[in-house]
Amino acid sequence: MAAPDVTHAIIGAGVVGLAIARQLAARGGTTILLEKNDAPGMETSSRNSEVIHAGLYYGTNTLKTDLCIRGKELLYDLCVEKGIPHRRTMKWIVAQTPEQWEATLRVHAHAQNIGVPTRIVYADEASRREPAVRARAGILESPTTGIIDSHSLMVYLQGAFEEKGGDCAFRTEVTGVAKEGGGYRITARSGDDGEETSITAETVINSAGNYACAINNMILPQDRHRTPFYAKGTYFSYTASRPSTQVLVYPATLPGHGGLGTHLTLDMGGRIRFGPDVEWVDSPNDLQPSAARLQQALPEIQAYLPQVDPEAISLDYCGIRPKLGRGGAVNTGHGFQDFVIQEEDGFSGFVNLLGIESPGLTSSLAIAEKVEGLLYG
């Protein structure tokens, strides 16, 4: 093969793809970011809780734990340095039953083991600080949890990438990836007319989110194909001013769950929103909110916020988490699925990122470091 058109081609301009593109563009060479939508971050990256996670839930010696903790540090530093809106809200994990409290204490012990700060909040302090929050069995506080304006983060990452000479190719849907010589040929449809074009790249990074399995299956042999699963999460807005909280509130999570429960988060203006729940769907485009989900979520919300006004809760938006199975997203053990981030055996220069769900936003800058290390370490 003649010299490739570009050094690095990243497929998918979500927050992780943007972070990787910025990281690799800084090395020199030529870097292109391919995105089928009109703008970056229009799928999972713009349909999440915008939480900076502490790294509590994912077990020892997992990519989710290691990259979340490293990514959290990098993200807070970047936000301060670049003035990206964020806030260290802290988070309360609230338990209502002895079983939930036992699970929460296991989270506490695990946090101490991996060096993530947590502390037990006793009833008198809880009633003084957050009188609206109910926790019948106990509260664990995560002081390093926060929130971020993910749109502002992505605007910064795209700008930094382009300042380093990177090119963004929007409305460019990848239709094929094939090994060619010492690199790869990428075929894509572009623009309104769907004209098919191709470029060659020395390295290819598959950061396509909900479509990453499809990219995987274009290039790897049949016995290494992957089947995608889609966990839909519905979010709910809250329009009343009371009750209110200053902290994020998460119900205690039991092993095997696909998410972290219908939790209470805050936006940068301090407004409450709830979600996401977990609903398994067949398509990454199934983004229509369902009123039935609100009725199912309401008892869980009322368990930790008993004075909430149900009439002020309404459907807001949905997001889809990319999954590699219907197992648990948290707590290692049966069914737990870690991030897959690897240079594929026999495909030098092809880095696969699969199942990059939460804590993908928090981990994004650390994932970018890891990808660079896989290619150049």
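Start by selecting Leu 56, Trp 92, Leu 264, Phe 274, Tyr 304, Leu 305 and Ile 313, the residues with the most contacts inside the largest nonpolar core, which has 42 residues. A nonpolar core here is a set of buried Ala, Val, Leu, Ile, Met, Phe, Trp, Tyr and Cys residues joined through side-chain atoms within 4.5 Å. Buried means under 20% relative accessible area, exposed means over 50%, and partly exposed lies in between (1.4 Å probe, protein chains only).

The model is predicted: local features need pLDDT of at least 70, side-chain atom pairs count only at pLDDT 80 or more, and totals for chains, interfaces and linings use all residues. Residues are numbered from 1 along each chain as its sequence is written, and side-chain values use heavy atoms, with hydrogens and water left out.

Helices (H or I, at least four residues) and strands (E, at least two) are DSSP runs, numbered from the N terminus. H7 gives the most to this core, with five residues.

**Helix H7.** Select residues 291-304: this helix bends by about 35 degrees at Ala 297, and Pro 299 follows within four residues. The bend is the angle between axes fitted to the seven residues ending at a residue and the seven starting there. The buried residues of H7 include Leu 294, Ala 297, Leu 298, Ile 301 and Tyr 304. An α-helix has 3.6 residues a turn, so residues three or four places apart point the same way.

**Ile 313.** Which residues does Ile 313 touch, not counting residues up to four places away in sequence? They are Phe 236, Ser 237, Tyr 238, Phe 274, Leu 294, Leu 298, Ile 301 and Val 308; contact means heavy atoms within 4.5 Å. Ile 313 is buried, with a relative accessible area of 5%. Now draw a distance to Glu 343, 30 residues apart along the chain from Ile 313: the C-alpha atoms are separated by 45 Å.

**Leu 56.** Leaving aside neighbours within four places in sequence, the contacts of Leu 56 include Lys 91, Ile 93, Val 107, His 110 and Ala 111.

**A second core.** For a separate core of 37 residues, select Ala 13, Ala 21, Ile 205 and Val 351, which are among its members.

**Gln 158.** In helix H5 (residues 150-163), pick Gln 158. Gln 158 is buried at 16% relative accessible area. Beyond its neighbours within four places in sequence, Gln 158 is in contact with Leu 18, Pro 40, Cys 168 and Phe 170.

**Backbone stops.** Most residues other than glycine have a negative phi, and most peptide bonds are trans. Two cis bonds can be inspected:

- Gly 275 to Pro 276, with omega about 0 degrees; Pro 276 is in the loop between E16 and strand E17 (279-281).
- Ser 358 to Pro 359, with omega near 10 degrees; Pro 359 is in the loop between strand E20 (350-354) and helix H8 (360-376).

Then select Glu 50, where phi is positive, near 55 degrees. Glu 50 lies in the loop between strand E2 (31-34) and strand E3 (51-52), and is buried at 17% relative accessible area. Finish at Met 90, whose phi is also positive, near 70 degrees. Met 90 is in the loop between strand E4 (86-87) and E5, and counts as partly exposed at 24% relative accessibility.
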